[in-house]
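Subject: Structure handover

Hello,

Please find the sequence and structure below. My notes on what was found follow after them.

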Amino acid sequence: MRVTIHFIVNPISGKGKNELSPDLVSRYFPKSNYSTCIKKTEYAGHAIALTKTSIEEGAKIIVACGGDGTISEVASCLLNTSVVLGILPMGSGNGLASNLKIPKNKKKGLNIIKNQNITSIDTGSINGSPFFSNSGVGFDAHVISDYEENKARQLFSYVQSSFRTLKNYHYNNVVELTYDGTTEFISPFLLFVSNSNEMGYKMSLTPRASLQDGLLDLIIVPQLSYFKLLFFTILFLFKKHHWLKEVKFRQVKSLLIKSDDNTILKAQKDGESFILKGSRIEISIRPENLKVCIP
Ligand SMILES: Nc1ncnc2c1ncn2[C@@H]1O[C@H](COP(=O)(O)OP(=O)(O)OP(=O)(O)O)[C@@H](O)[C@H]1O
């Protein structure tokens, strides 16, 4: 029986103009053994509709060709199913692909899909909506929101957005944070929850995170003085932010954030802005509910 593999290409991710040639695909997946199809996204969110159709068309492997945003859209349709996620990294940061050690080289990526070495990974959920790499409220969500107004999807634009947000972002209200039976009250600069050990561009706030440990890695950074924030940023660039005693790390199965106002509710998941409704944010892990091709 021929294996059905569908490729969903986001042409604008990364540096843009992404393409996947049918000739290259048929060299790795000859018609004798495989039925393949290449689809292109035409607007934000389109990968969800394309993936749903591919499942109806009988695809056994659906390959997200793009960055973390594209993977997120494709993978959100594959949770708790037997359909396997393939990844051809074509994004800017490519955090999840990098954590899974999937290289950017197209030929190597196609070989990984052909080998069908399949594993199951954990995924996260924020107010019922899935995420795969990370999710956060506070500073990072405001940086992403600023970044999305930029045309260029590159590291320098993140740096620019970070400095702009650093100048303007203030959150002085207290939130109630409950995780695994513990409750604390904090005024957070950043609450970052990660399933993966990489945010993209080889950067990591949570280097101990694992996609298969049934846990989410939480990093809590309280409001700091401007000098300390600058120090935190420099330490982060050298992966030494744990040196700062105010920065707390936790490994949790679930997390509840409650606030009395709506300022905190600007969130991000997998590097895309996400507006939450209400003043309760529930984040939890869903163990090993996504199948993925790995090297
Ligand atoms: N044709 C399109 N036009 C505009 N936006 C699109 C189109 N197709 C997909 N998108 C959107 O592009 C966004 C960015 O995609 P993606 O995250 O894959 O790339 P990236 O941001 O460059 O990579 P990374 O997230 O790894 O840094 C996604 O939110 C997706 O919904």
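The residues of the shell around the ligand divide into 4 nonpolar, 16 polar and 5 charged. In this count Ala, Val, Leu, Ile, Met, Phe, Trp, Tyr, Cys and Pro are nonpolar, Asp, Glu, Lys and Arg are charged, and the others, Gly among them, are polar.

Two points on the source. This is a predicted model, where local features need pLDDT of at least 70 and side-chain atom pairs count only at pLDDT 80 or more, while totals for chains, interfaces and linings use all residues. Residues are numbered from 1 along each chain as its sequence is written.

Ligand shell
In total 25 residues surround the ligand, and Ser-13, Gly-67, Gly-69, Gly-91 and Gly-93 are the closest. Helices (H or I, at least four residues) and strands (E, at least two) are DSSP runs, numbered from the N terminus. Both domain 1 (3-116) and domain 2 (129-286) supply at least three residues each to the shell.

Domains
The protein is divided into domain 1 (3-116) and domain 2 (129-286), with bounds from an automatic or database domain assignment. Their C-alpha centres lie 28 Å apart. The contact (C-beta atoms, placed from the backbone, within 7 Å) takes 15 residues from domain 1 and 17 residues from domain 2. On the side of domain 1 that touches domain 2, H3 and helix H4 (95-99) are the elements that give two or more residues.

Strand E10
Of the 7 residues in strand E10 (residues 188-194), 7 are buried. Buried means that 20 or more other C-beta atoms lie within 10 Å of the residue's own, all placed from the backbone; exposed means 12 or fewer, and partly exposed is in between. E10 pairs in the antiparallel sense with strand E7 (residues 134-138) over 5 bridges, and Val-137 stands opposite Leu-191 in E10. E10 also pairs in the antiparallel sense with strand E11 (residues 216-222), over 6 bridges, where Val-193 stands opposite Leu-218. Pairing requires that DSSP finds at least two bridges between the strands.

Regards

Definitions and conventions:
A residue is near a molecule or strand if its C-beta atom, placed from the backbone, lies within 6 Å of it. Two residues are in contact if their C-beta atoms, placed from the backbone, lie within 7 Å.
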